[in-house]
Amino acid sequence: MLALFIPLGVLILSGLVVLSAVGTHFFYLQLIWVALGTGLVVLFLYVDWRAVFASRWITWGIYGLALALLLFVYLAGPVIRNTRSWIVLGPFSFQPVELMKVALIFLYAHYFSRRHLSIARWQNILASFVLFVIPAAIAVRLPDLGSAVIFFSIWFGFLLLSGLPLRRVLVTLLVFALAGGLIWTYVLKDYHRARIVGFLYPQANTLGINYSSTQAKIAIGSAGFFGKGYGQGTQAQLGFLSEPTEDFIFAALIEEWGILGGLIVLVAFCMLIYQILKIGALADENFEKFICLGVAMMFGVQFLLNAGSTTAILPVVGVTFPFVSYGGSSMIADFFLVAIVNSIRKRS
């Protein structure tokens, strides 16, 4: 149990330290989400989650609910920071994309645990493709390209891990490559295209589309090995760094705690992923194995997108760092998945 929760605690503590330096308001709210998430972990130690989530019909129901909520925010959700991603209930807000990530992991765990021996059939590949492409299409229109990429990664990761033959993998990738032109023209919005072009030409328009990534690079480049110290990060403290509590919290962390602090967080995250994969390898049932694999994939892709955006290795797509970035929806969803993984560990 400690092997799973020690790296998790390091990640949460790192995020709380950065949030307390940037703004105490975010710090206290994050404490609430962490407390609620911890409650979920304790709950699933004593409640058998399989009685509910092992049912395909309940899993399909959660998927349908998440899809309906996504469609609702697209049609009638309030515009917050240029996107329609939130359902607002008084002082609280909720992102349906986080529920969809959880729903896809459970739905694909059911789907592939029963079909992994026949997954090479094109009808099985296409059926699984439809399950992700519908919410992904809605997410792109919100616009939330980062969540759409995560939906795709969950689907494609399950395909690879279910033993899909290499020839089928290459054909699938070729189809997506050929569809790239259509996606660029008809799916991506001008905002998305501008970010991709800005990624390819990072020295251009540093006060426009490349402003956030430029400030993140300045924050990281000026940190040194030990950083500038608690509350001393100029880019984050003076407001130059965009979203220092969410999308660019990794840059804010490195600016104040240096390369050393960044390496500690990186090692802790890798340890967390390793423990989740280890629990999956020791699980008794294929369904539980696929859940652990799906959770590890989702966390890993989110980290790569967040850190890649921060360091300008990837285009900025607006994805949080699991357990480090501020956010109630993402924190509760991530804690729920860890609670399920820990329950699998206990019962294996």
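The lining of the largest cavity holds five nonpolar residues, one polar and no charged. The classes are these: Ala, Val, Leu, Ile, Met, Phe, Trp, Tyr, Cys and Pro are nonpolar, Asp, Glu, Lys and Arg are charged, and the others, Gly among them, are polar.

A word on the model. It is predicted, so local features need pLDDT of at least 70 and side-chain atom pairs count only at pLDDT 80 or more, while totals for chains, interfaces and linings use all residues. Residues are numbered from 1 along each chain as its sequence is written, and side-chain values use heavy atoms, with hydrogens and water left out.

Back to that cavity. The idea is simple. Rolling a probe the size of a water molecule over the atoms shows where empty space is left. Here the search runs on a 1 Å grid over the protein atoms alone: a cavity is a set of points where a 1.4 Å probe fits but cannot get out, a pocket is an open set with protein on both sides within 12 Å along at least five of seven lines, and lining residues have an atom within 4 Å of a point. Grid points are joined across faces, edges and corners, and a volume is the space filled by probe spheres set on the points.

How many cavities of 30 Å³ or more are there? Two. The largest has about 40 Å³ of space. Its lining is F53, T59, I62, V102, A103 and F106. Helices α4 and α5 each give two or more residues to it, and α5 gives the most, with three. For the element names: helices (H or I, at least four residues) and strands (E, at least two) are DSSP runs, numbered from the N terminus.

The second largest cavity has about 30 Å³. T320, F321, P322, F323, V324, S325, G327, S330, M331 and D334 line it. That makes five nonpolar, four polar and one charged.

Stay with F323. Its phi is near 70 degrees, a positive value in a residue other than glycine. F323 sits in the loop between α13 (286-310) and α14. Is F323 buried or exposed? Buried, because its relative accessibility is 2%; the cut-offs are under 20% relative accessible area for buried, over 50% for exposed, and partly exposed in between (1.4 Å probe, protein chains only).

E243 also has a positive phi, about 45 degrees, and is not a glycine. It lies in the loop between α11 and α12. E243 is partly exposed, at 26%.

One more backbone point. A cis peptide bond joins L142 and P143, with omega about 0 degrees. P143 is in the loop between α6 (122-141) and α7.

Now the largest pocket. It has about 1200 Å³ of space. Of its 43 lining residues, R81, W86, Q95, E246 and D247 are the closest to the centre. Which elements give two or more residues to the lining? They are α2 (24-46), β2 (92-94), α5 (96-115), α7 (145-161), α9 (190-200) and α14 (328-347). The lining divides into 19 nonpolar, 16 polar and eight charged residues.

Next, charge pairs. The whole structure has two salt bridges (a side-chain nitrogen of Lys or Arg within 4 Å of a carboxyl oxygen of Asp or Glu). E98 pairs with K101, the closest N and O atoms being 3.2 Å apart. Both lie in helix α5, three residues apart, about one turn of the helix. E98 is buried, at 6%. K101 is buried too, at 3%.

The other bridge joins E255 and K228, with closest N and O atoms 3.2 Å apart. This pair links distant parts of the chain: E255 is in helix α12, K228 in the loop between α10 (211-221) and α11 (234-237), 27 residues apart. E255 is buried, at 0%. K228 is partly exposed, at 29%.

Last, the surface. F225, F226, I259, L260, L263, I264 and L266 make a nonpolar patch of about 620 Å². Patch residues have over 30% relative accessible area and no salt bridge; like charges are joined within 9 Å, nonpolar side chains (Val, Leu, Ile, Met, Phe, Trp, Tyr) within 5 Å. Areas come from the Shrake-Rupley method with a 1.4 Å probe, and for residues only the protein chains shown count as cover. I264 lies in helix α12 (residues 249-282). At 47%, I264 is partly exposed.

W57, in helix α4 (residues 56-76), is exposed, at 71%. W57 and L107 are 50 residues apart in sequence and 9.8 Å apart in space, C-alpha to C-alpha.
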